[in-house]
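Please keep the sequence and the structure in view while reading.

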Amino acid sequence: MRVHTTQSRLNGGLLWVSVAILLIPVGCSGGPDAVPIASFDPNQAADQAMEIYDQDQDGYIAGEELEQAAGINAALERIDANQDGKVSGDEMVERIRAWQQMSIGYMNFNVDFTMDGRPLAGATVTFDPEPFLEDAIAPAVGMTTMAGSTAPSIPKEQRASPDLPPGIQAGLYLVRVSKMVDGKETIPAKYNTATILGQEVAKDDPAINNKQVAFQLKSTE
């Protein structure tokens with residue numbers, strides 16, 4: 001069952017046009033939780049992506065530009081419809097529309113991290129939305145277990161309601177990993193402040209479907 005509400009506002013360049021509510025049963029102890037599905041203007045989001053990453057203004061995100069766009073690069077196989085190795089604004093629009101048509105409020109999945117082949121325990125993992133999506137979807141965080149696994153989730157205080165179940169919204173993310181020891185960051189910048197890690201969250205992502213989302217980090221270059 002879905003309940004639709006409509007609102008319009010301009011926020012950081014993205015025009016929100018509607019929010020669809022997905023109702024999920026939570027058991028006999030309470031009623032259903034309403035999980036909001038972010039719905040925003042795909043054209044404006046794609047325009048922002050091109051403005052940020054298409055540095056030579058040739059109409060494509062390609063080559064070294066893709067290396068700077070970890071979230072887009074991670075999803076290149078699904079965004080790049082004509083498989084020419086680059087992303088156009090139109091392809092970005094179509095991929096965003098595909099997320100919205102999936103009608104999923106939150107997704108839940110585990111992510112495994114290793115450092116030099118060993119499970120990375122006690123690390124804080126943050127899924128930061130790509131900059132052109134940061135006003136549309138929320139960051140998600142998690143802490144790795146002794147086995148190096150975590151399930152990233154939007155913090156309760158940042159959910160539409162603190163009673164909503166844990167999860168992460170569909171979209172493109174920069175993945176940042178941090179582990180402080182004696183006040184010092186032990187994770188290389190390429191996985192943290194200057195991360196090269198990206199992940200698409202979508203139900204047609206094979207890694208998520210096959211429960212094989214994993215990042216193998218190295219302590220040296």
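## Aromatic rings

Rings of Phe, Tyr and Trp (its six-membered ring) count as a pair if their centres lie within 6.5 Å, and planes under 30 degrees apart are called stacked, over 60 edge-to-face and the rest tilted. By this rule, ring pairs join Phe109, Phe127 and Tyr173 into a cluster.

The model is predicted, with local features needing pLDDT of at least 70 and side-chain atom pairs pLDDT 80 or more, while totals for chains, interfaces and linings use all residues. Residues are numbered from 1 along each chain as its sequence is written, and side-chain values use heavy atoms, leaving out hydrogens and water.

Across the whole structure, a search finds three aromatic pairs. The ring centres of Phe113 and Phe215 are 5.3 Å apart and their planes are at 20 degrees, so this pair is stacked. Because Phe113 belongs to strand 7 (residues 111–115) and Phe215 to strand 16 (residues 214–217), the pair ties together parts 102 residues apart in sequence; strands here are DSSP runs (E, at least two residues) and helices likewise (H or I, at least four), numbered from the N terminus.

## The nonpolar core

A nonpolar core is a set of buried Ala, Val, Leu, Ile, Met, Phe, Trp, Tyr and Cys residues joined through side-chain atoms within 4.5 Å, where buried means under 20% relative accessible area (1.4 Å probe, protein chains only). The largest such core has 49 residues, and those with the most contacts inside it include Phe113 and Phe127. Helix 1 (42–53) is among the elements giving two or more residues to this core, and helix 1 gives the most, with five.

## Helix 5

In helix 5, the buried residues include Met92, Ile96 and Trp99. Just after this helix, Ser103 takes a positive phi of about 55 degrees.

Conventions. Buried < 20%, exposed > 50% of the residue type's maximum accessible area, 1.4 Å probe, protein only.
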